[in-house]
Amino acid sequence: MNSRKFFYDFGRALYHVDSFYDEFAKQSNVSSALLWVLYALNDGKPHTQIEISNDWELPKTTVNTVIKDIQKDGYVELVPIKGKRREMSIVLTENGKKFADNVLSDLYKKEAEAYKLLTPEEQEIIMVLEKLAKKLKGDE
C-alpha cells in the first residue's frame, strides 16, 4: 500500500466514524457541536473555551455560542480563573451533568461495546492518530 491509498482509506474510515457521531447527535436532538462540548465537559474537570476549542478542533465562535446557550439553560457555570482576567473555567452544574449524562449515556454504551472488540494492539490507535495529526500539521 502506498501513502495515497493509505490516506484515501484512512479518510473514508475516519468519516464513517465521524458520521456515526453526527447521526447520534441528530437522533439525540442536539447539534454535533453541542454533543462534542458536552462530551468534553462531562469528564468531571473544568475546562476553558480555548481548551475545548483546541482539544476538539472546534471553532472558538462555535464553542462560545454553545457555551452561552447551555449557560442560559443552567447547564454550566462560568468560574473566574485566578490570575486571568478574561478566561473562565466552564463547569457543568448538577442539571448540566444530568443533561450530559442523558444525552451521552447511550453513546458511552455504544463506545464501550465497540471498544471491547479491539485488541490491546488496536487500542494503540490513539497514539498512531495523534502522531499522524502532528506530522500532517507539521508539529513534529
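User: How do you know where α5 bends, and by how much?

Analyst: The bend of α5 is about 45° and lies at Leu104, where a bend is defined as the angle between axes fitted to the seven residues ending at a residue and the seven starting there. The model is predicted, so local features need pLDDT of at least 70 and side-chain atom pairs count only at pLDDT 80 or more, while totals for chains, interfaces and linings use all residues. Residues are numbered from 1 along each chain as its sequence is written, and side-chain values use heavy atoms, with hydrogens and water left out.

User: What makes the span of helix α5 agree with its number of residues?

Analyst: Helices are DSSP runs of H or I with at least four residues, strands are runs of E with at least two, and both are numbered from the N terminus. The expected span is 1.5 Å times one less than the number of residues, so the 23 residues of α5 (residues 94-116) should span 33 Å, and the 30 Å between its end C-alpha atoms agrees with this.

User: Why is Phe20 called partly exposed, and what does Phe20 touch?

Analyst: Buried means under 20% relative accessible area, exposed means over 50%, and partly exposed is in between, with a 1.4 Å probe and protein chains only. Because its relative accessible area is 33%, Phe20 is partly exposed. This residue of helix α1 touches Leu107 and Lys110, not counting residues up to four places away in sequence, where contact means heavy atoms within 4.5 Å.

User: Which residues of α5 are buried, and against what do they pack?

Analyst: The buried residues of α5 are Gly96, Phe99, Ala100, Val103, Leu104, Leu107 and Glu111, and they pack against α1 (3-27), α2 (32-41) and β2 (88-92).

User: What makes up the lining of the largest pocket?

Analyst: On a 1 Å grid over the protein atoms alone, a pocket is an open set of points with protein on both sides within 12 Å along at least five of seven lines, and lining residues have an atom within 4 Å of a point. The largest pocket holds about 1,900 Å³ of space. Among its 33 lining residues, Leu14, Val17, Tyr21, Ile126 and Leu129 are the closest to its centre. The lining divides into 23 nonpolar, two polar and eight charged residues, where Ala, Val, Leu, Ile, Met, Phe, Trp, Tyr, Cys and Pro count as nonpolar, Asp, Glu, Lys and Arg as charged, and the others, Gly among them, as polar.

How values were computed:
On a 1 Å grid over the protein atoms alone, a cavity is a set of points where a 1.4 Å probe fits but cannot get out, and a pocket is an open set with protein on both sides within 12 Å along at least five of seven lines; lining residues have an atom within 4 Å of a point. Grid points are joined across faces, edges and corners, and a volume is the space filled by probe spheres set on the points.
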